[in-house]
Amino acid sequence: MDSIGSTIARLPVAGSLYTRNAATVKREICLLLHRFGLLGPITFVQWLATWGCNFRCSFCEASAGARREDELTADEVVSLIDDLARMGTKRLVVSGGEPLLREDMPALLRHAHDRGLSLGLVTNGWRAAEFWPRIGELRYFLYFTSLDGPREFHDSVRARGSFDRVLEGLRLSAETRIPTRMVNTVVQKENLQHLSAILEIVKRSGATAWHLTPLAQVGRAFHNDGVGLAGEGLRELVAFVREARKVFNVDLGESHGYLGCLAGSPIGKPFFCGAGLTRCSVMPDGTVLGCHQVYDGSLGEGNIRRRPFSEIWKTEFRRFRTRSTPSSCVGCQHLGACRGGCWAEMTLHGQCLKSRWEATEVPQREESKAVT
């Protein structure tokens, strides 16, 4: 879908029309495929392997920390992988928490590889070198890690020595020739000033792409309104991305690519939120969620402990597969290009980042909508 869209976007007249309505067009295609029973998770299925993490980042979307007793067992994960393979899923992204805290991870990644799934590994890099002799030879389409700033800043956010371990993980993934080696930076007020320095680090790191994601008020960061970007901060971030793209493969995080629309023209490929349409997530306890940024079981579509994932995918996700329009989007000139922006932001807060884009201060969130 993306390759076809990229081709259309380059055409003189049709390209401009498509760009202004890309999210709507892609959504209609997905709904048509769903109507005929042909819709699949073509982007990926993400499995959050654990709630556990060796860090306690203040902006963690998953509020990760300690492992929980209700996490899927190795046998249950094997059953999930087998089900994904039978239904023709091509890509499995393994995330967390920190997935490499699971000692059974090499065996589970090996099983997914042997069943024909291409792997994505999302890791903070702390144990990458320790695990690489056992997992480095597998077939990956993505290695995804995080960098918050230069060494001193990053280590102050995570832990002493974590900066060097991020770079070591990137080096190993580059030696393995994983095609997409992505660094993600959660951008907030404290590290906005470091973006130029981070760019130079990323360019030398072995990464092939760098995504900059404005801090989202979800998970542990729900109440951290004071550190998020708004107004001039968001505009500075978008301007930086446009300029940095001249020297490296830089983009906004996939959930916030629509900010280019607010700035007047798209950045990179046209935005599309594929939550519940082309991708979804399986939580550590087996709950299936359409969006990987909303860690709330009440928004679940089912649980693989009670029904196979393939059945849940085929029969649920009604909230994602209708032609509804968020009330706050009615009359917005950008509706065709973004369809409401990030589903998590719209669901938790009732609006996209448009109000923040236009604000001089970060708007305060309503307590009653917090999801941790």
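Predicted model: local features only at pLDDT ≥ 70, side-chain atom pairs only at ≥ 80, totals over all residues.
Reader: Where is R127, and what is it in contact with?

Author: R127 sits in the loop between β3 (118-122) and α5 (128-135). Setting aside its neighbours within four places in sequence, R127 is in contact with L100, L101 and E103.

Reader: What makes the link between R127 and E103 a polar contact?

Author: The side chains of R127 and E103 are joined at 2.9 Å, and the cut-off is a pair of N or O atoms within 3.5 Å. The R127 side chain also reaches the backbone oxygen of L100, at 3.0 Å.

Reader: Moving on to rings: how many aromatic pairs are there in the whole structure?

Author: A search finds nine aromatic pairs. One of them is W210 with F240, an edge-to-face pair.

Reader: What makes W210 and F240 edge-to-face?

Author: Start with the distance: the centres are 6.0 Å apart, and rings pair if their centres lie within 6.5 Å. Then the angle: there are 85 degrees between the planes, and over 60 counts as edge-to-face. W210 lies in strand β6 (residues 209-214) and F240 in helix α9 (residues 232-244), so the pair ties together parts that are 30 residues apart in sequence. Both W210 and F240 are buried.

Reader: And why is the pair of F320 and W343 called tilted?

Author: Their ring centres are 4.6 Å apart and their planes meet at 40 degrees, so the pair is tilted. For the angle, under 30 degrees would be stacked and over 60 edge-to-face, with the rest tilted. This pair also links distant parts of the chain, 23 residues apart. F320 is in the loop between α11 (309-315) and α12 (335-338), while W343 is in helix α13 (residues 343-349). F320 is buried, and W343 is too.

Reader: Which residues line the largest cavity, and what are they by class?

Author: The lining is T19, A22, C261, P266, P270, F271 and A337. Six of these are nonpolar, one is polar and none is charged. Ala, Cys, Pro and Phe count as nonpolar, so T19 is the polar one.

How values were computed:
Residues numbered from 1 in each chain as written. Heavy atoms only, no water. 1 Å grid on protein atoms, 1.4 Å probe; cavity = no way out; pocket = protein on both sides within 12 Å on 5 of 7 lines; lining within 4 Å. Helix = DSSP H or I, 4+ residues; strand = E, 2+ residues; numbered from the N terminus. Polar contact = N/O pair within 3.5 Å; in protein donor to acceptor, adjacent residues only side chain to side chain. Contact = heavy atoms within 4.5 Å. Buried < 20%, exposed > 50% of the residue type's maximum accessible area, 1.4 Å probe, protein only.
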